[in-house]
Amino acid sequence: MTISGAETLLDGLAIGRLPDRLGAASDFEFEWGGVAFVQRVWESEVEPGVWRVDLQVQVMRGGALEDLDALRDFLAEYHERGDDWKAEPFGEDGLASEREVARFLAPSLAVEVRDPFDRQGAEQVRTVAASIAPQS
């Protein structure tokens with residue numbers, strides 16, 4: 001699904017593609033490890049009173065994000081992953097693992113797309129991550 005308007009923007013980045021099956025969106029701002037996060041989370045009610053995350057997109061800004069290696073190290077610590085965490089290359093600026101893609105967009109700027117409950121699938125996560133670019 002190609003989207004347009006204010007829904008496509010998150011902290012100065014345009015999200016060019018989103019899956020069709022997304023629930024309601026909520027935005028959050030927080031800081032962790034000296035990095036500021038702006039996160040949009042889409043959730044759906046899977047049964048009465050039970051909500052599940054459909055997709056997360058988070059923009060990260062901070063000096064710890066110097067390059068792709070620094071982004072990998074930061075995410076390993078943030079997500080509490082061990083040294084055995086294997087992320088494969090995603091294009092020239094990213095890392096991909098089972099349910100997420102992170103991209104280093106510029107010094108101090110990165111984005112991560114996550115599907116923590118495997119509701120969209122790896123291909124959708126990759127499509128969304130590839131579509132994110134600075135707002136023109």
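I count a residue as buried when its relative accessible area is under 20%. The model I am working from is predicted.

**Entry 1, Q56**

I looked up Q56 in strand β5. I then listed what surrounds it. Leaving out residues up to four places away in sequence, Q56 touches Q39, R40 and V41, and also E112, V113, R114 and P116.

**Entry 2, the sheet**

Next I traced the sheet that holds β5. I find 7 strands in an open sheet, ordered β3-β4-β5-β9-β8-β7-β6, with antiparallel pairing. Which strands form the edges? I noted β3 and β6 (88-90), each of which pairs on one side only. From one strand to the next the twist averages 25°.

I checked one pairing in detail. Strands β4 (residues 35-47) and β5 (residues 50-61) run antiparallel and are joined by 11 bridges. Within this part I noted A36 standing opposite R61 of β5.

I then asked which strands each helix touches. Helix α1 packs on the sheet and touches β3, β4, β5, β7 (94-97), β8 and β9. The direction of α1 makes about 140° with that of β8. Helix α2 (residues 122-131) also packs on the sheet, where I find it touching β5, β6, β7, β8 and β9. For α2 the angle with the direction of β8 is about 10°.

I sorted the residues of α2 by accessibility. V125, V128 and A129 are its buried residues. They span an arc of only 100° around the axis, so I place them on the same side of α2. On the other side of α2 I find E123 and A130 exposed. I also looked up what covers the buried residues of α2: the cover includes β2 (13-15), β5, β6, β8, β9 and β10 (132-134).

I counted 6 aromatic pairs. In the pair of W32 and F74 the ring centres are 5.4 Å apart and the planes stand at 70°. Planes over 60 degrees apart count as edge-to-face, so I recorded the pair of W32 and F74 as edge-to-face. W32 belongs to strand β3 (residues 24-32) and F74 to helix α1 (residues 68-78), so the pair ties together parts 42 residues apart in sequence.

Are the two partners buried or exposed? I have W32 as partly exposed, at 31% relative accessibility. F74 has a relative accessible area of 7% and is buried.

I made a separate note on R52. Its charged end sits over the ring of F117, 5.1 Å from the ring centre.

Last I looked up S108. I find it in the loop between β8 (100-106) and β9 (109-114). With a relative accessible area of 31%, S108 is partly exposed.

Which residues does S108 contact, leaving aside its neighbours within four places in sequence? I listed M60, R61, G62, G63 and L65. R61 is the residue I had already noted opposite A36. I also checked S108 against E66, which is 42 residues away along the chain. The C-alpha atoms of S108 and E66 are separated by 5.9 Å.

Technical notes: Residues are numbered from 1 along each chain as its sequence is written. This is a predicted model: local features need pLDDT of at least 70, side-chain atom pairs count only at pLDDT 80 or more; totals for chains, interfaces and linings use all residues. Side-chain values use heavy atoms; hydrogens and water are left out. Rings of Phe, Tyr and Trp (its six-membered ring) pair if their centres lie within 6.5 Å; planes under 30 degrees apart count as stacked, over 60 as edge-to-face and the rest as tilted. Helices (H or I, at least four residues) and strands (E, at least two) are DSSP runs, numbered from the N terminus. Buried means under 20% relative accessible area, exposed over 50%, partly exposed in between (1.4 Å probe, protein chains only). A charge sits over a ring if NZ of Lys or CZ of Arg is within 6 Å of the ring centre and within 35 degrees of the ring normal. Contact means heavy atoms within 4.5 Å. Two strands pair if DSSP finds at least two bridges between them. Axes are lines fitted to C-alpha atoms, for helices over the stretch in contact, and angles run from 0 to 180 degrees between N-to-C directions. The arc is that of the directions from the helix axis to the C-beta atoms.
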